[in-house]
Amino acid sequence: MYGHFSQNNREYVIEKPDTPTPWINYLSNSEYCAMISNTAGGYSFHIDPRDRRITRYRYNGLPVDRPGRYIYIRDDETGSYWSPTWQPTLTRLDSYECRHGLGYTRISSSYSGVEAEVTYFVPVDNNVEIWMLTLRNSSGRTRNLKLFTYSEFCLWQAARDQNDLQSVQFVGISRNEDGIVLYHLHDDSTGYAFFATSKDIAGYDCDRETFIGPYRSEANPIAVEIGACKGSVAIGGNPIAATAIPISLKQGESETVVYVLGVAPDRDQARELARKFKSSAIVNEEFLRLQDHWSSYLDKLVSVTPDLEFDEVVNIWNQYQCRTTFRWSRYVSFYETGIGRGMGFRDCSQDILGVLHALPTDVRQRIVDLARNQFKSGRVYHIYFPLSGEGGFPDYVKKDMQFFSDDHLWIILAVSEYIKETGDFGILDERVNFVDGPAVSLYRHLKKSIDFTLSNMGNHGLPLLGTADWNDPMSLPGPNNAAESVFTAMLFHKALRELAGLSHETRKNTDAQLFTSLADQTRIHLNDVAWDGSWYVRAFTDSGEPLGTSTSKEGRLFINAQSWSVISGVASKSRGVAAMDSVNELLATEYGIMLLGPAFWRYRSDIGALSSYAPGLKENASIWSHANAWAIIAESMLGRGDQAYDYYKKLAPPTKNKIAEIHRAEPYVYAQTIAGRDHPMFGMAKQSWLTGTAAWMLKAASSYILGIQPQYHGLSVDPCIPKAWGQFKVKRQFRNATYDIEVRNPDSVSSGVKAVSVDDTPSETGILPVFADGHTHKVIVTMG
C-alpha cells in the first residue's frame, strides 16, 4: 500500500513518493486550475488549457511527471541540495508524506535535520495559486540555507507552444520587476502571468537555459548547484520564474515563505495580487475560506451507512471528483493534453448529474451553453471550447455524417433532471440561439433533438449511428453509411419518456401524447428487432448484420445494450433479468464488468476503430467504469441490491488501495478504464479523474442504492441495498430544505418500502413534499 484515507481530515495520505503513476489533485476555482501530483509535478491554466496555459508539462516524457512547482533547498555549508517534494532531485528523503485534500495538497518531508512542509492551493476568488513553505530546523545546529524555486511558463497557446517552435520561441518575455517576475508575450495580447514571494529575493533567473544549464534537467540546475542565480532575462526563448532566497535557522527555529503564481490582465493588477498574497495572514485566511467552501459544498448530501468505505466515497471523494469533472469535462488531465478535445456535449450533459444537488445555478448556465451548440436540424457539435465558445467535431468524424447518434439526446435528460432537482420550469422558456439560426425556447431545442433522430433512421427502423454513438470508436464504417445503434434507440426511448413527462407537467398535452406514442412504438420495435434470445444486440453494421449475438465469436455480448434496456424501460422485467444475468455470467470479473466480450483479436474493417485497440484495452473489452455505473443502476431497478452492491464495491476506489501495484492509478477517484481479462496487465487503470464514471457512480449510489430521487413535486425514497444493511441515514438538501432521512430495514430485504413518515406524520403517497422553508424535516422510511 502507498497510502490511506484520513476520513476526519477528508484527505488521502500518500506515504511513498514513488507511486506507480503520478497521483494527482486538482486545485481549482471556476477559472484558475492547477493540477498537481504527489511530488509537485503538473501545470496550471486559466479558463482554457488550450488557449490560456500558464505553465508547461511534458506529456508521456522521461523522466515522468516534469516539470512542476519546484522548490530546492540548498545547504550553503556543504553545497548539497534536495527538493522537499522529492521530485525533481529524487533525493532519498528521511521522511515523506503527501496529503491530497479538498482543493489543496500538502507535502511534508525531512532531510538532513531540516523539516519542510509545502501547502499548495488555489483561493476561492483569485486567479492565483499559493505555495506556502514552512521550514523547521531540527538538526541541532544553525543551518544556513538557500531556497530556489522553478516554474516554467508555457507560451499561452499550448498547441503552438509544442508545435510551432520556429515562431513561438521568439515571442515570450519574462523579466524581474521590483522583485516580481512578470511574463507576457511581446504584443501583450494575453495579459500577464507573474511569480512573487513574501520575502526579498537575493537572485532570480527568467531564462530556462541560464538557470538549468546545458545538458542538464530540473533535477540538477546549474544555478542551484553553484548556489546563485545570474539575473537572466528571457527575450524570446523559454521563459521561467526562478528565485533565490537565503534563510538562516537556529536549532528549533521555523520560518514560512509564501510564493504566489498567478495571472492578471495587466501589470498593475499583477502587482496588486502579488502584494496581497505576500501576507501570511491573508494566505491563512484564504486557506480557511477554502476549507469552509468545501464543507458547505459537501454538506448537501451526507450518508451514514454500515459501510464506512461507501460513506468515504459518497460523502467526500466522489462528490469532489464530480465537481472537478463538471468544471473540466474530459478536456485536461495527466492523460488528456487539453489541446484538441475540448468540452464534450455528451459528457457535459451527463456530468451535471454529479453536481446538480449542489450547484444548480452553474448547471442551469451549462445547459444554456450546451444548447448554443445545437443546429436548427437538431444535431449538435460534439465538442466546444470554453474560452472562445466555438464548437467543433473531432478529427475522426465521418465527413458525410458529421454527427454522433446519441449526443443531442443527452440534453433532454439533463434538463429533466435539472427541473426535478430545482422545480425551475422557467428554463424551458429560456431563449437560446442555434449555431445556424435565431433564438428559440429551450423547449424547442429539446424537440429538435427528437426531430433529428426521427429524421435519421436506418433500414431496421433504428437511429443511424452517424460517426458513432456513446462508444466513440465503434464506428461501424462502410460504403452505405447505414449502421444503426440499438443503444441510441434505447436512449431515444428514455428521452421520449422524459420529454413526455416535461410536456405533461407544462400542459403541452398534444406533445405529451405524441412523445408517449413514439416511446411505445420504439419499445415494441426494439423488442422485435434487437432481442437475441438471452440479451439485446448492440447495433447493426453497415451491411445490416447484427453486432453482439449468441453466435458471435468476438464481441458476443455488449454491456450497454443490456443495462440500458432496463434503464430506458425498453425491457420487460423478465428480459431485463435475463439480459443482466448474461452480463454477470459473461462479462463480470473481480475488477469490474467488461464493456464487451470476448475481445476483438484482429482488426475488422466492419467494426472500425474499436477493433484497432489491443484486446482488453479501452473500448475493446476493458472494464469501462462508466458502463459499470449503468449496470449498478440496472440491477437496482430490478430490485437486486446485493448484486448491485457487489458491482459497486468492485469499482469503488478504496478497494484499489490494497492492489495499488496492479491498479496503478489513484485509489481515491474513479478511472475511466481498467484493463480487461484479455490483457496481460488485467486490472491496470488508466484515464483517472475526468470520466463520466464520477457523476454516474454518485447517481447510482445516491439515487438508486440509497434511493433518494428528486421528482417534479418532491423527493421519493426507494432504496435498493444489500440485505445485510439493517438501517442507514441520509441528509439531503432539496429546494431550500433539509431532509433528515432514516431508513430502517427490519426484514432484511433489498428493496421495497412499506411505510414513510414525515415529521411524525404518515405519508400516503410516499413522496416527500417540497417544503422550501429553510428548515430540517425528519423522515423515517421502513422497508419491507
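Trainee: Which strands are included in what covers the buried residues of helix H5?

Mentor: This is a predicted model, in which local features need pLDDT of at least 70, side-chain atom pairs count only at pLDDT 80 or more, and totals for chains, interfaces and linings use all residues. Residues are numbered from 1 along each chain as its sequence is written, and side-chain values use heavy atoms, with hydrogens and water left out. Helices (H or I, at least four residues) and strands (E, at least two) are DSSP runs numbered from the N terminus, and contact means heavy atoms within 4.5 Å. The cover of the buried residues of H5 includes strand E12 (128-137), strand E15 (180-185), strand E16 (192-197) and strand E20 (254-264).

Trainee: Within what arc do the buried residues of H5 fall, seen down its axis?

Mentor: Buried means under 20% relative accessible area, exposed over 50%, and partly exposed in between (1.4 Å probe, protein chains only). In helix H5 (residues 267-276) the buried residues are Ala-270, Leu-273 and Ala-274. They line one face of the helix, because the arc, taken from the directions from the helix axis to the C-beta atoms, is one of 100°.

Trainee: Which exposed residues does the opposite face of H5 carry, and which residue caps its N-terminal end?

Mentor: The face turned away from the buried side carries Asp-268, Glu-272 and Arg-275. At the N-terminal end, a side-chain oxygen lies 3.2 Å from the backbone nitrogen of Asp-268, and the residue that supplies this oxygen as a cap is Asp-266.

Trainee: Is strand E4 largely enclosed or open, and which residues lie on each of its faces?

Mentor: Six of the six residues of E4 (residues 32-37) are buried, so the strand is largely enclosed by the rest of the structure. In a regular strand the side chains alternate between the two faces of the sheet. Both faces of E4 are covered, with Tyr-32, Ala-34 and Ile-36 on one side and Cys-33, Met-35 and Ser-37 on the other.

Trainee: How many bridges join E4 to strand E3, and how many join E4 to strand E5?

Mentor: Two strands pair if DSSP finds at least two bridges between them. E3 (residues 24-28) runs antiparallel to E4, with Ile-24 as the bridge partner of Ser-37. On the E5 side (residues 44-46), also antiparallel, Tyr-32 stands opposite His-46. The count is five bridges for E3 and three for E5.

Trainee: What phi does Ala-40 have, and is this residue buried or exposed?

Mentor: Ala-40 sits in the turn of the hairpin that E4 and E5 form, which has six residues between the strands. Its phi is positive, at about 75°, although it is not a glycine. With a relative accessible area of 0%, Ala-40 is buried.

Trainee: Which residue is the partner of Arg-330 in a side-chain polar contact?

Mentor: Arg-330 lies in the loop between helix H7 (308-328) and strand E22 (343-344), and it is buried, with a relative accessible area of 4%. Residues that it touches include Glu-336, Asp-347 and Leu-690. A polar contact is a pair of N or O atoms within 3.5 Å; within protein, one must be able to donate a hydrogen and the other to accept it, and residues adjacent in sequence count only if both atoms are side-chain atoms. At 2.8 Å, the partner of the Arg-330 side chain is Asp-351.

Trainee: Which element gives the largest share of the lining of the largest cavity?

Mentor: A cavity is a set of points on a 1 Å grid over the protein atoms alone where a 1.4 Å probe fits but cannot get out, and lining residues have an atom within 4 Å of a point; grid points are joined across faces, edges and corners, and a volume is the space filled by probe spheres set on the points. Five cavities of 30 Å³ or more are found, and the largest has a volume of about 170 Å³. Of the 13 residues that line it, the closest to its centre are Leu-353, Lys-699, Ser-702, Ser-703 and Arg-732. The largest share, four residues, comes from H19.

Notes: 1 Å grid on protein atoms, 1.4 Å probe; cavity = no way out; pocket = protein on both sides within 12 Å on 5 of 7 lines; lining within 4 Å. Lists of a residue's contacts leave out its neighbours within four places in sequence.
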